[in-house]
Amino acid sequence: WFAKSSGTTNDKSKFIPVSDECLKRCHYQGGFDVVATYFRNYPHNRLFLGKSLILGGSHAINPLSPGISCGDLSAILLQNTSTLVNCMRAPRLKIALMSEWEAKIEAIANSTIPVNVTSLSGVPSWMLVLIKHILEKTGKQSLEEVWPNLEVFFHGGVAFTPYREQYKEGIRSSKMHYVETYNASEGYFGTQSDPADRSMLLMIDYGVFYEFIPLEDIGKENPRICCLEEVELNKNYAMVISTSAGLWRYIIGDTVKFTNNRPYKFVITGRTKHFINAFGEELIVDNAEKGLAKACAETGARITDY
């Protein structure tokens, strides 16, 4: 299998190898661990009494050659997931892998509105489109009127901060929880383990070896390289990975900052290509998003597209 990347690093999509071992011991292990962590934090949850609505990408599986296929990571995960997980998931696989986005949103809405959905999983921007469509279709004011037992959104892929206020408008229940995950095409790297801390726990037992380049050394011919025990707190690094699927000292394109080293916890701060340092200002995506959130809070403005 190959996961087709979104192309945000070099403007072109890349084909990321996804081995059977990587699926089972990295991506799926991350999925099991995030649910286990949720159960630890909220032992009285009712997660398994309903379905999990998983919203994946809009690209279906495509054959490259005999025995080799590619697609969005989300499509690959859905295609290979176990029967047990499929029994607890919505919508059905045929709808989940649809390639035409508008038709897919309509089909998901039609098939899941009558279902007892207890959790959501997906990218915040994509999920927001679905939520708005469902509210418009049902005439309801908030999503808990459609799914009274909805209790958690497992999100990742893009920063949640610019969308937080819109989610508060669409899901008004005080019992709703939000858990961030870091599951990229290249591997599953982190899970938010503490509801009171937006930092994610770095997963160090998933067949991934981590190295880190200080942000100021990106682009240099001989950059400094730090192994995990050498990283400094509150400093921006580009993440370099070697994986069981075949990636070797691969610069993933994301920048991270460690907030703790016992255990190792981090936040995603941006992309290696998305920062400004013409005059030493070191402006990264995280700064821009915080500034945007503060400006919206003070002026009453609202993000509609980001």
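The legends below describe several close-up views of one predicted model.

Residues are numbered from 1 along each chain as its sequence is written, and side-chain values use heavy atoms, with hydrogens and water left out. Because the model is predicted, local features need pLDDT of at least 70 and side-chain atom pairs count only at pLDDT 80 or more, whereas totals for chains, interfaces and linings use all residues.

**View 1. The crossing of helices H5 and H6.**
Helix H5 covers residues 101-112 and helix H6 residues 124-138, where helices (H or I, at least four residues) and strands (E, at least two) are DSSP runs numbered from the N terminus. Their axes come within 10 Å and cross at roughly 55°; axes are lines fitted to C-alpha atoms, for helices over the stretch in contact, and angles run from 0 to 180 degrees between N-to-C directions. H5 and H6 are therefore oblique to each other, the class left over once angles under 35 degrees are taken as roughly parallel, over 145 as roughly antiparallel and 65 to 115 as roughly perpendicular. The crossing of H5 and H6 is right-handed, meaning that the near helix is turned clockwise from the far one by less than a right angle. On the H5 side the contact (heavy atoms within 4.5 Å) is made by Trp101, Ile105, Glu106, Ile108, Ala109, Asn110 and Thr112, and on the H6 side by Trp126, Val129, Leu130, His133, Ile134 and Lys137. These contact residues comprise 8 nonpolar, 3 polar and 2 charged, with Ala, Val, Leu, Ile, Met, Phe, Trp, Tyr, Cys and Pro counted as nonpolar, Asp, Glu, Lys and Arg as charged, and the others, Gly among them, as polar.

**View 2. Helix H5 and its buried residues.**
Lys104, Ile105, Ala107, Ile108, Ala109 and Thr112 are the buried residues of H5, where buried means under 20% relative accessible area, exposed over 50% and partly exposed in between (1.4 Å probe, protein chains only). Those buried residues pack against strand E3 (51-54), strand E6 (89-90), helix H4 (93-96), strand E7 (117-122) and H6.

Ala90 and Pro91 are joined by a cis peptide bond with omega of about -5°, and Pro91 lies in the loop between E6 and H4. The peptide bond from Arg262 to Pro263 is also cis, with omega near 0°, and Pro263 belongs to the loop between strand E15 (250-261) and strand E16 (264-271).

Asn234, a residue other than glycine, has a positive phi near 60° and sits in the loop between strand E13 (226-227) and strand E14 (236-243). With a relative accessible area of 58%, Asn234 is exposed. Arg249, likewise not a glycine, has a positive phi of about 50° in the loop between E14 and E15, and at 44% relative accessibility Arg249 counts as partly exposed.

**View 3. Leu93 in helix H4.**
Leu93 is part of helix H4 and, at 27% relative accessibility, counts as partly exposed. When neighbours within four places in sequence are set aside, Leu93 is in contact with Leu78 and Gln79. Between Leu93 and Thr259, 166 residues apart in sequence, the C-alpha to C-alpha distance is 39 Å.
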